[in-house]
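Dear colleague,

I am passing on the structure below, followed by some notes on what was found in it. Please read the notes alongside the coordinates.

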Amino acid sequence: MSYEIKLDIFEGPLDLLLYLIRKNEINIYNIPIALITEQYLAYLEMMRSLNLDLAGEYLVLASTLIHIKSKLLLPPDESEGEEEEGEDPRAELVQQLLEYQIFKEAALRLENRPLLERDVFTRGAPGEAPSAAEEEGEAMIEVGVFELVAAFRRIIAGFDRPEELEIDAEKMSLIDRINEIMEMLSEKQQMTFVELIGDRTDRRRIIYTFLAILELMKLRMIRAYQSGPFGAIRLFLAVEE
Amino acid sequence: MEEKVAIIEALIFASETPLTAERVVEILPGTDKKEIVLLFGELVREYEQRGGGVCLREIAGGFQFRTRADLAPWIRKLMTGRPAMLSQAALETLAVVAYRQPLVKAEIDRIRGVDVSGALKGLLEKKLVRIVGRKDVPGKPIIYGTTRKFLEVFNLRDLSELPTLRELKDLQE
């Protein structure tokens, strides 16, 4: 069994590249690609030997560097006009580095702001406000897909009478059902699984409702809570207004 | 102190979230937003002049009492547990969302040069970032933006209080 250690030394390949540029005191607009590529690859090798989890992005940038280096080695393209110099193959990478550098600075500024519950405090309110469910005094546990599937089975089992054979003209799509559910939830704040299905026993409707709920949970737009095993599953909007 | 100012002060004190002028207008009949904004300003000045441990700050479009930042070491002794800190990856991702919103995940990936799925998920869970909608292009990717809570946590009146990207860029040159 191997253990992988992930050390967040660098926030990604761009971060490593910026570090090398700073370490070598290089002008970012005139990066000596050969030198930087060599050092970059040496770092990757070191990280690999330390068994650090090397994300694929590091390798992508390595190949970009090598590609740029090979372009620089080629003689300038004769077919291009003499005045119109071919674009520096490094230009795109430099742009990306500059942009990333700005956002790194922005992140630093964010961190240095007076942060709530680190530097500034409001009146006796540590942590988050209790959710609607907690206010009702009913202890809720967040449920996952398996509990939902179990609830779905119970509901389906409840409709044991044969489905009426009727050509259903009502066209239903998953998107419509998702929108309906979001609308109902934003109106009522919370609904149970059974309420959402309603008293219509149309199998397709139940299935679409179920699929819509799964999709919404996957997108983290709603959350499902249950007060205990086999309790009613309540669905809440997970997105802030 | 004018009675209305006293009422507003009490409302801000009792409110759990930053109190907006609109909310005060709803509560105090016969007032308008302009008047309330002026009274908010009066209160802010009063607290500034007093120079005490509590400040009245404009946060996320409303007003809220907050302790003075330099007093944090004492308050931390009162609190149990450590403040939840954001990782560097989370902060960088949050900065990109804050400045470039509304935007899709691919754009954040491109700027940071890494897959930001994990960081983004954490920010969604912390309610600092939210899903704004879906982009009307093939695949309908999710569009993200920052939340009101982001403004509250980072002590911001609104997004314009952040330094502009140009300011940050000029700083580096």
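How many residues of chain B are in contact with chain A? The count is 41 residues of chain B, which touch 39 residues of chain A, two residues being in contact if their C-beta atoms, placed from the backbone, lie within 7 Å.

Before going further, please note that this is a predicted model, in which local features need pLDDT of at least 70 and side-chain atom pairs count only at pLDDT 80 or more, whereas totals for chains, interfaces and linings use all residues. Residues are numbered from 1 along each chain as its sequence is written, and chains are lettered from A and ligands numbered from 1 in the order in which they are written.

On the side of chain B that touches chain A, H5(B) gives the most, with eight residues; by class, that side has 23 nonpolar, seven polar and 11 charged residues (Ala, Val, Leu, Ile, Met, Phe, Trp, Tyr, Cys and Pro count as nonpolar, Asp, Glu, Lys and Arg as charged, and the others, Gly among them, as polar).

Chain A itself has nine helices and four strands, which are DSSP runs numbered from the N terminus (helices H or I, at least four residues; strands E, at least two). Of its 241 residues, 23% are buried, a residue being buried if 20 or more other C-beta atoms lie within 10 Å of its own, exposed if 12 or fewer, and partly exposed in between, with C-beta atoms placed from the backbone.

In helix H2 of chain A (residues 33-49), A:Ile33, A:Ile36, A:Thr37 and A:Tyr40 are buried. Seen down the axis of H2(A), these buried residues fall within an arc of 100 degrees, so they line one face of the helix; the arc is that of the directions from the helix axis to the C-beta atoms. They pack against helix H1 (13-23) and helix H3 (56-73) of chain A, while the face turned away from the buried side carries exposed residues, including A:Leu35 and A:Glu45.

Leaving aside residues up to four places away in sequence, A:Phe103 touches B:Glu92, B:Ala95, B:Val96 and B:Ile111.

Best regards
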